Amino acid sequence: MPIFHKISLRPEVENYLKQSFLNKEVVSASSKQEAERKFEALLIRLAHPPSFTTVRVNTHLASVEYVRDLLLEELQKFRGLRVPVLQHPTLPDVLLIPVTGPRRNIERRQCEVIVGAQCGNAVLRGAHVYVPGIVSASKFMKAGDVISVYSDIKGKCKKGAKEFDGTKVFLGNGISELSRKDIFNGIPDLKGIGIRMTEPIYLSPSFDNVLPSYLFLQNLPSAVVAHVLNPQPGEKILDLCAAPGGKTTHIAALMQDQGEVIALDKVLNKVEKLKQNASLLGLHSIRAFCFDATKALKLGVIDGTEGTPPFLPESFDRILLDAPCSGMGQRPNMACTWTLKEVTSYQPLQRKLLNVAVRLLKPGGVLVYSTCTVTLAENEEQVAWALTTFPCLQLQPQEPQIGGEGMMGAGLAPEQLKLLQRFDPSVVPLQDMDTDCLSDAKKEDMIWLANKDCIGFFIAKFIKYKSTEEKVSWK
């Protein structure tokens, strides 16, 4: 039984999504009633966290077995948490930690803190409450008080308010590290932990500074992407939209840090963070640039730019385009205030990036396109567009194949849909998980659940089987 309501969306956004999930092809293949049931199930799943926390082991520095043992020791320090740590059988560098919850009998306290929706989502994935995320605190809150933490999912609470009667969702209890006066004293760079969560509704370990050279916190489908790309030692790889670097560093590790991984992002502080992550993980094959990926194709001869963007056509063996997207597959997400214009604004940008990627890819090279959204327009429709616009592209089977096949509605043939991976959390019922249930569970059942109950995500893999250096016309 869900503990939260379905994700709150603007009516026009919910209707737009519903039309996609109840398109003619989908309805004719099952029924309108079944399509509606799946869509409502998806909206509910999006408001809840996945059943597992996923971490990727940096196999460049240590073995999975060694890091797993270290992680079990760390989890013992986390409120004596006794849960299994499972190595994924198909993704050998991925470890799975079950999330316990929801815990429905936590006593609510009189003293309250209201946090922003983004902060609230992080708390549901195991984070403590950091000061910048605190919007409101009870009038007499002192350091050391036991506090009930709520999420302002609709963004209506005023900063510094002493009480809030609007829509709020209970996230659990914690202990205040600071008084109300400390939090709202006007110091702009106050950043540390404000509330240390002691009784969260969902019990998931905080990975803040936990084995930072050995572990990277990453959603399961995101860890699948680099394996699908299948980079080889000595190759030249491009990650077009790379920050914060989870997939970039994964690519470098799978290449045994031999070769060259070029990472682009147009936000400077994100690029700096990516460089820090690469250094922390001991990876030296990554070269990161602050650069607009839509301009990464060198259109003429530019002196003195060898090895830096923009790049000559057909320069890369493999390219990952983890495209900017509406993010409508992220979990948990109890409310999205975006307008329909915002949600639908990404398709033209994705097509610009696909054009650049195809032109930069060598003949015989591999292009992987991925998003963390569930919309048809950003996923299957983009695949259909790419296959029509670039006759040099062919869809390829993916290994590993963990997600389901693509969604109908974009005009792709059944055999093409089977070559795609769509991770759809609506396919599995919401789970209540406690320590008793974990002790009785079979490993294969837990792996199956981890594969299904994850974020919404999409992956397509193409091969470019001939040159594109004749002019390409696209709209």
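This is a predicted model: local features need pLDDT of at least 70, side-chain atom pairs count only at pLDDT 80 or more; totals for chains, interfaces and linings use all residues.
Local features were required to have pLDDT of at least 70 and side-chain atom pairs pLDDT 80 or more, whereas totals for chains, interfaces and linings use all residues. Residues are numbered from 1 along each chain as its sequence is written, and side-chain values use heavy atoms, with hydrogens and water left out.

With a salt bridge defined as a side-chain nitrogen of Lys or Arg within 4 Å of a carboxyl oxygen of Asp or Glu, the count comes to 17. One of these salt bridges pairs the side chains of Lys6 and Glu40, at 3.3 Å from N to O. Lys6 lies in the segment before α1 (11–21) and Glu40 in helix α3 (residues 32–46), so that distant parts of the chain, 34 residues apart, are linked. Helices (H or I, at least four residues) and strands (E, at least two) are DSSP runs numbered from the N terminus. Accessibility is classed as buried (under 20% relative accessible area), exposed (over 50%) or partly exposed (in between), with a 1.4 Å probe and protein chains only. Lys6 is partly exposed at 31%, as is Glu40 at 29%.

The side chains of Asp453 and Arg331 also form a salt bridge, with an N to O distance of 2.7 Å. Asp453 is located in the loop between α15 (443–452) and β18 (457–464), and Arg331 in the loop between β14 (316–322) and α10 (340–343); the pair therefore ties together parts 122 residues apart in sequence. Asp453 is buried, at 3% relative accessibility, and Arg331 is buried with a relative accessible area of 3%.

Asp145 is buried, with a relative accessible area of 19%.
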